[in-house]
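User: Could you walk me through reading a model like this one, feature by feature?
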Amino acid sequence: MTRYYRWMVLVTLLTAFAIWVATPLSNGFTLDTDNDGQPDLAINEQPLGLDLVGGVRVLLEAALPFGTYSRDDLQRAAENVERRVNGLGLTEATVQVVGDTRILVELPGVTDKQQAVDTIKATALLEFVDFGGLSGGEVSSLIDQRVLTTAQDQLLRAREEAGDAGARAFAPTILNPRTGQPFSTALTGADLAAAAAQFDINSGDFYIAVELTDAGAAAFSTYTGSRVGEPMAIVLDSVVLSAPYIRDRLDRRFVIEGDFTQDEANTLALQLRSGALPIPLREEAVTDVGATLGQQSVNLSIRAGIIGVIVVLTFMVLYYRVPGTAAALALLVFAVLNLAIFKLLPVTLTLPAITGFLISIGTAVDGNILIFERIKEELRAGKPLGTALDNGFSRAWGSIRDSNTSTIIICAVLFFFGQTPGASVVSGFAITLILGLVINLFTATIVTRTFLYILAQWLQKPLTERKWLLGA
């Protein structure tokens, strides 16, 4: 019996921590392990989906005539947009291709609408450009200027060949003063493997830490090795960010400095990671979206869920008496653990996600009923109380494990189906149901067992004399 008291201590501590996380008892906390100014772990508020909290709906349209790009190009643009949306810290956002020319983006809980739109449609073409042969004065005069490079010139030619007569209407016009030709591009962002905003604690400045692919590192090493002592420009979307002199051969990792603010550094790193959009997009419409369900519907749904849980707990206590009381306590622990994990991961709560959670409560009740019915069978067969409890749990475990495992497999299929554009709400349902099933395996076999065995020890004589207290 001593081990059940040890389990009780563990369950109590775990439940207390879960209550602290899941309820507004704490103001939340953040943890920044790499000192980059961005929290690596944050517990603040529970994120809510578009149907519960509202947000922004953005309709983007291809800026090229239909027929000058393929549907695969539009799909790749949508995938890049989705990566950028996810990088903004938004979950359960919806990105889907509409027709042959449009992409629809729905962003739940967005507070800075313009920043989100700018980040989504920005091109983010990064280039390392040869400034060799220019004097110091010429290099300084080109900082913050829009220059034409060979990579940009190739893109413009391709658009012109595809029939876009206005491709050069807004193109930069500054050429290399030594050659009268576009500046030569040494490397583009296509060779980037990673990019992250970092914070220099000594200077107080933000910068971008960049890592190249194997092919990019080899090409960059060869280029910088042959240009030692020459200036090299870092150009983003045709604008010269900086033009440092090459002091040594550069390899896989280096940094980009540009007097960035924290938001600028984070946005630029996100754009570089997401890559350039294969099709330029223009903003067709941006509309605010209210909560689909409305606050009144949300309040009614929460009230209905609470009433339903109370009814189930009351039934368990009245029908199974002492075991039902243990199950009711275990179900409360089950609910608190779920809510805490939703906040820690975090899981965005939408109506489908809440539905998955409520269904998981039903499976938790099923697990307890299986155990208690096994115990009743043992008692009716004349087994002593301790033996009936042991056999009840051991005989029910196989059924609980197999039923939960089969449902988890189905949820895994739903989760992968939800990865397709426009079906992310299905993933939310699958995630909350999987979490509930996994936690149920713990609460049904550990928490319920702990509560029931301790109650059985405290009430051993009454339970032995009055089997109806065990529901038998």
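This is a predicted model: local features need pLDDT of at least 70, side-chain atom pairs count only at pLDDT 80 or more; totals for chains, interfaces and linings use all residues.

User: What span does helix H10 reach from its first C-alpha to its last?
Analyst: Helices are DSSP runs of H or I, at least four residues, numbered from the N terminus. The expected span is 1.5 Å times one less than the number of residues. H10 (residues 351–380) has 30 residues and reaches 44 Å, close to the expected 44 Å. Just after H10, Gly382 has a positive phi of about 90°.

User: Which residues touch the most other members of the largest nonpolar core?
Analyst: A core joins buried Ala, Val, Leu, Ile, Met, Phe, Trp, Tyr and Cys through side-chain atoms within 4.5 Å; buried means under 20% relative accessible area, exposed over 50%, partly exposed in between (1.4 Å probe, protein chains only). Here the core has 49 residues, and those touching the most other members are Ile371, Phe372, Ile375, Leu389, Phe451, Leu452 and Leu463. H9 (294–344) gives the most, with 15 residues.

User: Where does Tyr5 lie, and is Tyr5 exposed or only partly exposed?
Analyst: Tyr5 lies in helix H1 (residues 2–22). Tyr5 counts as partly exposed because its relative accessibility is 32%.

Key. Residues are numbered from 1 along each chain as its sequence is written. Side-chain values use heavy atoms; hydrogens and water are left out. Helices (H or I, at least four residues) and strands (E, at least two) are DSSP runs, numbered from the N terminus.
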